[in-house]
Amino acid sequence: MAKILIENREYEVEDGQNLLQACLSHGFNIPYFCWHPAMHSAGACRQCAVKVFKDENDTRGRIVMSCVMPVAKGMRVSIDDPEAKAFRENVIEWLMSNHPHDCPVCDEGGECHLQDMTQMTGHVYRRFRFKKRTYKNQYLGPLVNHEMNRCIQCYRCVRFYRGYAGGRDLDAFASRNRVYFGRSEDGVLESPFSGNLVEVCPTGVFTDKTLKSHFARKWDLQTAPSVCVHCGVGCNIIPGERYGELRRVSNRYNGEVNGYFLCDRGRFGYEFVNSPQRVKEALLKTADGVQEVSKEEALRLASHMIGMGGKVMAVGSPRATVETNFALRTLAGAENFYSGFSRHEARLASLIVEVMEKGPARSPSLKEVRSADAVLVLGEDVTNTAPILALALRQAAKNGPLKTAMKLGIPFWDDMAIKTATQGKKGPFYAAAPYATDDDDAAVKTFHGPPVEIARFAAAIARELNPSLPIVDGHSEETASLAREVAQALLEAERPLVVSGTGSGSEAVIQAAANVAWALCARGKKAGLTMVMPECDSLGAALIDSKGLDEAFAAAAEGEFDTLVIAENDIFRRMETEDAENFLASFSHVIVIDHVINDTVKAAHITLPGASFAESTGTLINFEGRAQKFFQVFVSAGAQQASWRWLKDMMDSTGLKLQKWESLDDVTSDAAAVIPAFEKITRAAPKHGFRIAGQKIPRQTHRRSGRTAVEADKTVYESKPTEDEDTPFSFSMEGFQGQPPSPLIARFWAPGWNSVQSVTKYQEYAGGPLRGGDPGLRLIEPKVAGAPFFKAVPISFKARKYGWLLVPMPRLFGSEELSVFSPPLASLQAKPFIGIAEEDAERLEVEEGDEIAVRANGKSFGLPAIFVPGLTRGVAAVPLLPGMAMLTLPAWGVLTRAKRRAA
Amino acid sequence: MEGLNEKPLTALMRPDKAALSLAEYERAGGYQALRKALKLAPVEIQRVVKESNLRGRGGAGFNTGMKWSFVPMDSDGTKYLIANADEMEPGTFKDRMLLEGNPHQLIEGMIISAFAIVATEAYIFLRWEYALASERMSKALSEARAKGYLGRDIFSSGFSLDIKLHVSAGRYICGEETALLNALEGRRAVPRAKPPFPQVSGLWGRPTVVNNVETLSNVPHIIANGDEWYRGLSRSKDGGTKIYGVSGKVKRPGLWELPMGTTIGEILEEHAGGMREGLKLRCLIPGGASTEFLTEEHYSVKMDFDSVMEAGSRMGTGTMIAVDDKTCPVGVLRNLEQFFAQESCGWCTPCREGLPWVEKTLSAIEEGRAKPGDLEVLEMHGTSLWIGRTYCALAPGAMEPLRSGLKLFRSDFERHIKEKGCPYKAH
């Protein structure tokens, strides 16, 4: 720590930090544009000028850009210096010389960093009287809107899109005062992280197109802290609602998880909540078809079904909350509860739980992932299964070169100098997957092969690290030397990380990945082991129960069950159609609680409208093992309520198993008491009774408009806000206006800081953790005892003469159950196809695009062939997309040319 | 040869302005300095050049030997030497003469300089418009390669070097040494942050020295004749001769190699022959467009880095633009600022947004559309587009003529505003 003087008062700052960050950390307001806490300093905008005096005797001082000025002991800084202030005002005046006066019609208005900074500098009158420059805007796809005239050329967009996220199709073009940020031609932005441009851009150049389609100002949005449900990462989000409609999702900073960024699936998947496919009322299937029934009627019928004395089976879901799954388990009894995994998923999930609970390797937070200095990915197409983890890995890949650059005396935050010195060099990041993935370009070397070969490659690495592990024979010298190289790189690292997961569908890959991490631990390394699981509560569901649906099917076939209750699970995605139909048919009554109309809902006798994440509160456990609570954002007009509450109501109505669950916290506490893994779960966030100065935390902003007019078409009286028994939040503007504990931050705002940049004001220091620590509670810590190595090494892959190994190919858009109901994302989904190696085209006598007949698991379907780079001959990739038949993968199948090409 | 002792850089040049061939250059003693240098220790060459007081001829005037001494000598891996031949400073054409007239002098200077910093790869970064220089340089490089003066194990010294010619895409900012590096790497020609300096982290992140063509052309002569001889060529503290130039409405515009420290008056009156008949000198810009105006009262100022600085301007490239009394000074400034606004790279706000504003305001004044407050706007830019406030020196350079022009030609500005137009156009 060093002491510096700011406005002649002494402050402690971190040595070598930049002056801007140091001043912001101490609560000073300095306007800035190009600096970003995750992307650091560029020195381009010149907005953060301050005056620095060498020492006590220096009276003149000099103007410096605080973002590129390292703090030094004894430095005297003045932010209020008249010359510095005048210069900052000049900079805004320059920026505003071409900026349009279109704030009233700009989506950014009210949360615009440029507005805030303009106010901060005091610039009010524009002397520039000449014609403003104008640009042509581009079509960038259904997610991000482009309005270049507003651009202030801070270069943040390209620094994020290319530098941070590895995108290629957005760049800075032209020069002087004609610099243009866009694509070489109109077209959908290719990066899975494109939505972050909306928050990275300090003004309204890049805005959220989904918000635009049902626009509301930030101050009019009702918000609550939430957690993304579209994959297993558990990114923290802030959904915003107005008039009963979810308007957008923005990032909720959590330094240990997503930091400042979200993926496009997570940011734009929310539209499923507004989907016409939503189940909004209880549905009853009768001989005459499906009809809406009242909540009371539905409950009466449902409780009748479960209360008749017949046995009840309950099927939960890896995308349902801990509380919902636990409520199902309570309803049916532990022995009759299934978490809703397919047989194959269940085996993978229980293996991952075993690896996490019994092994010595720690599952790191994403913050720790970002600081890893050697990474090995095994079998996982990370960008498509856990996109924000992929973004974190991209940062980890830069750590090696960063270290080298810092040896030249370049501070890590001096982004342009770091880029010069590192020249885009890659650190030790190795990726192994069945085909070339979007992560490959960040890797220094890649390995492509079918899952067993990935497992064998990993086994060879593990053996390099630990000679007591089995020898892997039959490797080419190339593979063997790559294995040696990887082992060496992992050993040389301080914080090596192994990433694997369910993505390749292979237990052998998971076991081999664990062996590598454990072998590193045995060598005294603090190795991390990240196991990607695909759904928002996959790990939570696996920790409750990991029997597969096959076992449920078998039990149902015994014929003892009368009623089946399913919550938030389309079993047709997890069982083959015929099995699912037979399974459902073996019950007299099927009750389904869900958000959207899917095949399972269609088969239900009674469907209960389950509240989505935005309409309910609950706990999810991400694949790190971090329990995170999301809070209800708004009260929907329909009959939706949380699945667990439907279950409680049913149990209450039967009178048989009266639950003393008055609020969600009671369910959480019960789960914690009953399931050992959940022991600490109640501490993930403050309970519903939490108050600050006796007040609840308002979901609505203090600037919300139309409070008394909103419902004036129905009644002139202002209605009482809905009571919320489950959370410390109110559905109103009233309540505590200051900063709540970190898990309860409903939105980021500070006086003078209306944009997302206000996050800084909620952090312990600029760019650091939220005050009081980042939200979430880790449930699983590694055992210190020795490593329970897996001993088996799979035999190597042999391409078959007639058979093809079909491997799963998860897709960012299309492979997740709920986000496919978001129309903008659905429009970006690929059409079903079968991926083959280009080298196999001849064998199949096809060209790209020709239809191929695929036969597997006794099913047959035709799909167009797409060449997938990196695929091994004899292996075909099956994308997990809507419209594709459910297959348990990997599996052997047969591919043939469907029909002769037209001549 | 007598001439070489007075005008080492230009004495050999052919009267017909054709390039000296390798044979001609060698006959006159060319590549002897290289042979000598390769027997010395690199640090010894650095010392001699430093002692010679050769200062960077691109305009900044930094001691060349000193600049080299910041290159880490213990670093393994590639180091680079780059000849900055991106001569785009308005009014400057001295490097062109050296490139076209005696390409081998530059090549020899580059090999010696590369050896001095143990750089094994070198580039000539050439201005796009210098097509003739490009042709002649390519030919000279082939000649040198064919003779083994470039390539592996030069003169059996164990030292290897190749020089590649890179023709710029043509932007003024590429002459800024760090923007040049970005351009050479195929990136946007935007200057880089300093520190780290190129000597530590330059081309492709490796230690790199960028020297001006004239600077490098001096090196063989310093090595051949010693630092004392070189200092003796000068009439001031800075070593050597300098290629001075004059453009504008003088009788004999051109270039002359003269002792460093020759006075402005001598260059303008004796060598350039003074102003054309009927014209008087209003002012001059001493070293390219981005220096402050001087006037007749500065005739006795010596053209060297320190003396011109003391007189309130910069020697810059040492090629003056003389402005006569019939030319509108506001128009001159507009012309200059239009150039700078157009050549801004667009990276930092003050330069990108400020220079077009300056240009538009000057145009408005020149064309009779002035508004109250316009001079204040210009003055604000003069203060705010200044060193440390902008990312690189382009905008401060652009402000040097403006700042001095606002003082020097105040009455001209006021007449423009009062008379709603350019008084010089009326004639």
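Biologist: Is B:Tyr230 buried or exposed?

Modeller: This is a predicted model. In it, B:Tyr230 counts as buried, because 26 C-beta neighbours fall inside 10 Å, and the cut-off for a buried residue is 20 or more.

Biologist: Which helix does B:Tyr230 lie in?

Modeller: B:Tyr230 lies in helix α10 of chain B, which covers residues 213–232.

Biologist: And which residues does B:Tyr230 touch, not counting residues up to four places away in sequence?

Modeller: With those left out, B:Tyr230 touches B:Ser52, B:Leu54, B:His221, B:Ile222, B:Asn225, B:Gly239 and B:Gly240.

Biologist: What separates the C-alpha atoms of B:Tyr230 and B:Cys392?

Modeller: Their C-alpha atoms are separated by 32 Å, and the two residues are 162 residues apart along the chain.

Biologist: Staying in chain B, how many residues of α13(B) are buried?

Modeller: The count is 11 of the 15 residues, so α13(B) is largely enclosed by the rest of the structure. Among the buried residues are B:Val330, B:Val332, B:Leu333, B:Leu336 and B:Phe340, and also B:Arg334, B:Glu337 and B:Glu343.

Biologist: What do the buried residues of α13(B) pack against?

Modeller: They pack against the strands β7 (281–285) and β8 (319–324) and the helices α14 (349–366), α16 (394–408) and α17 (410–418), each of chain B.

Biologist: How far apart are the end C-alpha atoms of α13 (residues 329–343) of chain B?

Modeller: They are 21 Å apart. At 1.5 Å a residue, the 15 residues should span 21 Å, so the two values agree.

Biologist: Turning to chain A, at what angle do α16 and α17 of chain A pack?

Modeller: Helix α16 (residues 451–465) and helix α17 (residues 477–492) of chain A pack at about 55 degrees, with their axes 8 Å apart. That angle makes α16(A) oblique to α17(A). The crossing of α16(A) and α17(A) is right-handed.

Biologist: Which residues make that contact?

Modeller: From α16(A) come A:Phe457, A:Ala460, A:Ile461, A:Glu464 and A:Leu465. The α17(A) side includes A:Ala480, A:Ala483, A:Arg484, A:Val486 and A:Leu491. By class, the contact has 9 nonpolar, 1 polar and 2 charged residues.

Biologist: Last topic: how many residues of chain A are in contact with chain B?

Modeller: There are 34 residues of chain A in contact with 32 residues of chain B. On the chain A side, β4 (62–65), α2 (82–98) and α15 (415–422) each supply at least two residues.

Biologist: Which of these gives the most to the side of chain A that touches chain B?

Modeller: That is α2(A), with 6 residues. The residues on the side of chain A that touches chain B divide into 19 nonpolar, 9 polar and 6 charged.

Conventions
Residues numbered from 1 in each chain as written. Chains lettered and ligands numbered in written order. Predicted model: local features only at pLDDT ≥ 70, side-chain atom pairs only at ≥ 80, totals over all residues. Axes fitted to C-alpha atoms, helices over the stretch in contact; angles between N-to-C directions. Helix = DSSP H or I, 4+ residues; strand = E, 2+ residues; numbered from the N terminus. Parallel < 35°, antiparallel > 145°, perpendicular 65-115°, else oblique. Left-handed = near helix turned anticlockwise from the far one by under 90°. Contact = placed C-beta atoms within 7 Å. Nonpolar A, V, L, I, M, F, W, Y, C, P; charged D, E, K, R; others polar. Buried ≥ 20, exposed ≤ 12 C-beta atoms within 10 Å, placed from the backbone. Expected span 1.5 Å × (residues − 1).
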